[in-house]
Amino acid sequence: MSWLTPDDADDDVPYGEYADHRVRERPNPKANRPRTKRRPEHADAVIGMVTGVDRGRYAVRIGAGADPDDARERTLTAARARELRRTAIVIGDRVQLVGDTSGDEGSLGRIVGLEPRSTLLRRSADDSDRVERVMVANADQMLIVVAAANPEPRVRLVDRYLVAAYDAGIRPLICVTKTDLADPAPFLAHFAALEVPVFRIAHAGGAEDAVAGPLAGIRAALAGRTTVFVGHSGVGKSTLINALVPEAQRATGHVNEVTGRGRHTSSSSVALRVATPGAADGEAGWVIDTPGVRSFGLGHVTGEGILRGFTDLAELIERCPRGCTHQDDAPDCALDAAVADGRLDAAGAARVESLRRLLR
């Protein structure tokens with residue numbers, strides 16, 4: 001047993017000079033707090049909805065009652081916190097905000113958290129690209145805008161929109177514009193079995209030529225919901241949004257007479273509030289305008305997700321043998337039998353071909 005004091009014992013013990021109680025602390029020249037992995041809880045954060053994204057800055061709408069100390073409804077600019085730098089924040093996201101949330105000119109809030117998402121609309125560059133690109137979060141509906149003519153409606157592109165909507169759990173709607181130029185009935189026959197709500201609007205020269213009746217029906221469908229608008233360039237999507245939200249002032253373009261293609265006018269997505277005459281404030285809806293696309297990749301969607309987009313063929317698909325690929329060379333495929341015996345007409349046969357293309 002040793003009666004030496006701790007200081008004396010260190011002189012006899014090897015490496016005693018390195019004892020814990022003698023370690024010198026490195027001075028802190030900046031006099032700042034040591035780094036820690038603990039993060040603040042942000043109990044005072046308010047919730048807002050992302051309505052615009054521009055070069056690392058987010059426009060966030062704080063609704064009335066979101067902040068118990070300030071019930072003003074306002075839009076503010078925010079940046080995201082460093083811990084969210086690898087997290088995709090898109091239009092429609094509900095985010096947690098701290099910092100200056102007054103919305104005054106020159107103010108800047110900070111996004112410190114993301115609320116759980118109810119839905120997520122995604123696309124890929126093409127069908128071979130497995131990298132998904134998040135487009136919109138928390139949308140309830142998808143309004144697929146097509147033109148009856150100029151440019152010609154594309155059945156397979158609408159099929160892709162439908163697959164993406166059903167895969168995300170979003171209700172699809174179809175709006176056909178420029179019905180004064182052509183009869184949309186042959187095109188709509190491809191989707192008659194889906195029972196998707198359809199709206200028809202004649203746009204000859206702009207928003208002022210839109211028929212009031214169809215617009216009223218669209219407004220009623222948008223009330224109290226968040227709806228993402230998608231469509232080919234040149235179909236009149238921005239014109240329709242300007243008719244629904246006059247203050248939006250979205251740029252509109254024209255269709256090239258030689259190529260028959262529309263020019264991209266919307267370069268970024270934006271969420272806009274659309275009011276329904278006579279409805280309460282809580283029943284106002286949100287529309288999300290997205291840039292026009294000429295392709296919509298489904299590389300991130302599984303085969304089961306694609307099949308969910310063809311609800312009109314679901315009953316026949318259930319009769320297929322187990323492990324059926326539903327392709328042309330699949331033995332005893334119920335889809336081939338339905339086409340052969342006439343249970344599926346020409347439009348149904350086209351739907352089968354579209355399904356097989358997507359599965360391939």
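**Group meeting: cavity, cores and an aromatic pair**

Let's start inside. The largest cavity is lined by V145, V146, A147, P151, E152, P153, R154, L157, V158, Y161, H232 and V235. Strand 8 (141-147) and helix 2 are the elements that give two or more residues to this lining. Helices (H or I, at least four residues) and strands (E, at least two) are DSSP runs, numbered from the N terminus.

A word on the source. This is a predicted model, where local features need pLDDT of at least 70, side-chain atom pairs count only at pLDDT 80 or more, and totals for chains, interfaces and linings use all residues. Residues are numbered from 1 along each chain as its sequence is written, and side-chain values use heavy atoms, with hydrogens and water left out.

Back to the cavity. What counts as one? On a 1 Å grid over the protein atoms alone, it is a set of points where a 1.4 Å probe fits but cannot get out; lining residues have an atom within 4 Å of a point. Points are joined across faces, edges and corners, and the volume is the space filled by probe spheres set on them. The count is 1 cavity of 30 Å³ or more.

Next, the cores. A nonpolar core is a set of buried Ala, Val, Leu, Ile, Met, Phe, Trp, Tyr and Cys residues joined through side-chain atoms within 4.5 Å. Buried means under 20% relative accessible area, exposed over 50%, partly exposed in between (1.4 Å probe, protein chains only). The largest core has 62 residues, and V60, L97, I111, M142, I144 and I174 have the most contacts inside it. Helix 2 (residues 155-168) gives this core its largest share, 8 residues. Another core lies apart, with 23 residues, including F199, I201, I241 and A248.

Now one aromatic pair, the total for this structure. F187 and F191 sit edge-to-face, 5.4 Å centre to centre, with 65° between the planes. The rule: rings of Phe, Tyr and Trp (its six-membered ring) pair if centres lie within 6.5 Å; planes under 30 degrees apart are stacked, over 60 edge-to-face, the rest tilted. Why does F187 count as buried? Because its relative accessibility is 8%. F191 is buried too, at 4%.

Last stop, T226. This residue is in strand 11 (residues 226-231). T226 is buried, at 4% relative accessible area.

Key:
On a 1 Å grid over the protein atoms alone, a cavity is a set of points where a 1.4 Å probe fits but cannot get out, and a pocket is an open set with protein on both sides within 12 Å along at least five of seven lines; lining residues have an atom within 4 Å of a point.
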